[in-house]
Amino acid sequence: MASSYDVLIRGARVVDGTGSPWFWGDVAITGDRIAAVAPRGLIAPESATEVVDATGLVVSPGFIDIQSHSLMPFLTDGRSLSKVTQGVTTEIMGELWSPAPFGGRRVSPFGSIFSAEENTKLEKRWVRFHEWLDFLAERGVSVNFGSFVGGATIREYAKGWDQGDPTPEELDIMRRVMREAMEDGAFGIATALIYPPNAYSPDSELIEVARVVGEMGGVYITHIRSEGDRFLEGLEDAITLGREAKVPVEIYHLKATGGRNWHKMPLAIAMIDQARAERIDITADMYPYVASGTGLTVLLPDWVAEGDRLYDKLRDPEMRARIHDEMINPDPSLPPSDSAYNPSRDHVMPVGLKQPENRKYIGQRLPEIAAQRGQDWADAAIDLLASENQRISTIFFSMNEDNLRLQLQQPWIKISTDAGGIDPEGQENPTHPRAYGTYTRVLAKYVREEKVLTLEDAVRKMSGAVAQRLNMTDRGLLLPGQFADIILFDPETVTDHATFSDPHHLSTGIQEVWVNGGRVVRDGKHTGAMPGRPVYGPGRKEL
């Protein structure tokens, strides 16, 4: 008889992404879709071209990373190795910036990864938001990919790196560019309000741009203005925006940073619960680690980045003196810096040092580095940044486990990596382990070992809940007709291996991964397949 199915996954525990209890079952794939999900044994094995024995394994939807930073990695290596080996089948990018749309007052965002000639070609090609996604589709990516438009991108398009409120004409440009990006398939706007030039955006500007997003069915997703001393105020701003702009709000990497702020997490959860009771659509995501990761540049006052001349100012003696003084003794009349990044304690570890003279400091804390150099922490940070001429990837050890466990139990929380896909081969610098182990860490530590979550709820928080948030109606669940983004894993052995001191290790236990029905991982190894496709937000217009 002719085969009805291409692949039959037989005899697994089916965890379907809805949060419903698991059941013994079989899943059949035809082409790029799930053709059938049935109780165990009801699909004849002879009806499939390939039969996969899933005895003892769990079959679930592939995980959807709502906060991916694979934007640059995709341009050099589309395999997304560290992501697919932890079960990710879809990555959503765009926090702070996106390479498109390009125009207005934007300058090249691509840096040294491309030559000047290549930068020019890409800038011309990526004028519209969809042209960047089209480029990735032509190049080939192992996972599905989509994006929000960066909040800094929208502001830079109209106002460059200037501080100050936008003029009416500039605000009109922001609204127009936002609408065009939504029509091109953006999921909404992704702000990161501690980083210039997005930090320069007043709440009134954010609300006006977010209105466009809400009108077109999108989401406002945000790294709020503070996760430290003004954590609750930053959260309240996001709630207010959701109310006034009539737009769904997602909080990136919910956290309370700094020991003096840890007690605020229950208060923040209560605020979100109350806002939801008032019918404000606000939810959040998180990664399962007690340390965050960002650039050492967050230690600088916001004004230093104005005009996109940050490194020039660090090398100017007069400017440097002013910067140093404000880092050590910030002016109380100025907007407060986020204390989460104040290195008054031994929790700041620069890891992205590339210059030969600086690499000896990799893995050391900033006070140690300063002591070796005979400097205070501010002078050491300024000198390193000026020497490196780049933001210097840095890890901040500033959260606690009790809050992580509490957050994971909230029904509106989701899981994200806040990282890009990495190939461990050839890596010279440490990175945050979340790039390798976010989802497998949840399954191993918080489901299997500590039982903070049920398996079903964990999978829902990593798949179906994310798809629902993004209005992605044909992915995220194991249901007939959905795209065949499927993973098969051993719940007893799945685990992460990446640590802060030794991060470049792939997860294990995710045995098989299909993306759009294409086998990306077989027996735990990447196959080299590139079946990923663009995914789009609800405002997209067919071109």
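Contact here means heavy atoms within 4.5 Å. In this predicted model, that is the sense in which L171, M174, R175, M178, R179 and M182 of helix α5 meet E205, E208, V209, V212, V213 and E215 of helix α6. Sorted by class, the residues of this contact come out as seven nonpolar, five charged and no polar. The axes of α5 and α6 come within 9 Å and cross at roughly 30°, which makes α5 roughly parallel to α6. Their crossing is right-handed.

Helix α5 also has a partner in α4. The axes of α4 and α5 come within 9 Å as well, but here they cross at roughly 135°, and that makes α4 oblique to α5. This crossing, too, is right-handed. On the α4 side the contact is made by I154, R155, Y157, A158 and K159, and on the α5 side by E170, I173, M174, R176, V177 and M178. The tally for α4 with α5 is seven nonpolar, four charged and no polar residues. M174 and M178 turn up again in the list of α5 residues that meet α6.

How many of the nine residues of helix α4 (residues 151-159) are buried? Nine of the nine are, so α4 is largely enclosed by the rest of the structure. The buried set takes in G151, A152, T153, I154, A158 and Y157, and with them the charged residues R155, E156 and K159. Covering these buried residues are, among others, strand β9 (149-150), α5 (168-183), strand β10 (188-192) and α6 (203-215). Just after α4, G160 takes a positive phi of about 60°.

A second pair of helices is formed by α7 (residues 231-245) and α8, which pack at an angle of about 15° with their axes 10 Å apart. That angle is under 35 degrees, so α7 counts as roughly parallel to α8. The crossing of α7 past α8 is right-handed. From α7, the contact draws on F231, L232, L235, E236 and I239; from α8, on K264, M265, L267, A268, M271, I272 and A275. Ten of these residues are nonpolar, two are charged and none is polar. Q274 is also found in α8. With a relative accessible area of 44%, Q274 is partly exposed. Q274 and S387 are 113 residues apart in sequence, and their C-alpha atoms are 48 Å apart in space.

Within α13 (residues 401-408), the buried residues are N403, L404, Q407 and L408. These four cover an arc of only 135° around the axis, which puts them on the same side of α13. They pack against α8 (264-277), the strands β13 (282-286) and β17 (413-415), and the helices α14 (434-449) and α15 (455-462).

As for I486, it sits 425 residues from P61 in sequence, yet the two are 4.6 Å apart in space, C-alpha to C-alpha.

Most residues other than glycine have a negative phi, and most peptide bonds are trans. P101 is found in the loop between β7 (88-93) and α2 (116-125), while P197 has its place in the loop between β10 and α6.

S80 has a phi of about 50° and lies in the loop between β6 (63-65) and α1 (81-84). For D418, phi is near 55°, and D418 is found in the loop between β17 and α14. Are these two buried or exposed? At 2% relative accessibility S80 counts as buried, and at 8% D418 counts as buried too.

Methods: Residues are numbered from 1 along each chain as its sequence is written. This is a predicted model: local features need pLDDT of at least 70, side-chain atom pairs count only at pLDDT 80 or more; totals for chains, interfaces and linings use all residues. Side-chain values use heavy atoms; hydrogens and water are left out. Buried means under 20% relative accessible area, exposed over 50%, partly exposed in between (1.4 Å probe, protein chains only). Helices (H or I, at least four residues) and strands (E, at least two) are DSSP runs, numbered from the N terminus. The arc is that of the directions from the helix axis to the C-beta atoms. Axes are lines fitted to C-alpha atoms, for helices over the stretch in contact, and angles run from 0 to 180 degrees between N-to-C directions. Angles under 35 degrees count as roughly parallel, over 145 as roughly antiparallel, 65 to 115 as roughly perpendicular and the rest as oblique. A crossing is left-handed if the near helix is turned anticlockwise from the far one by less than a right angle, and right-handed if clockwise.
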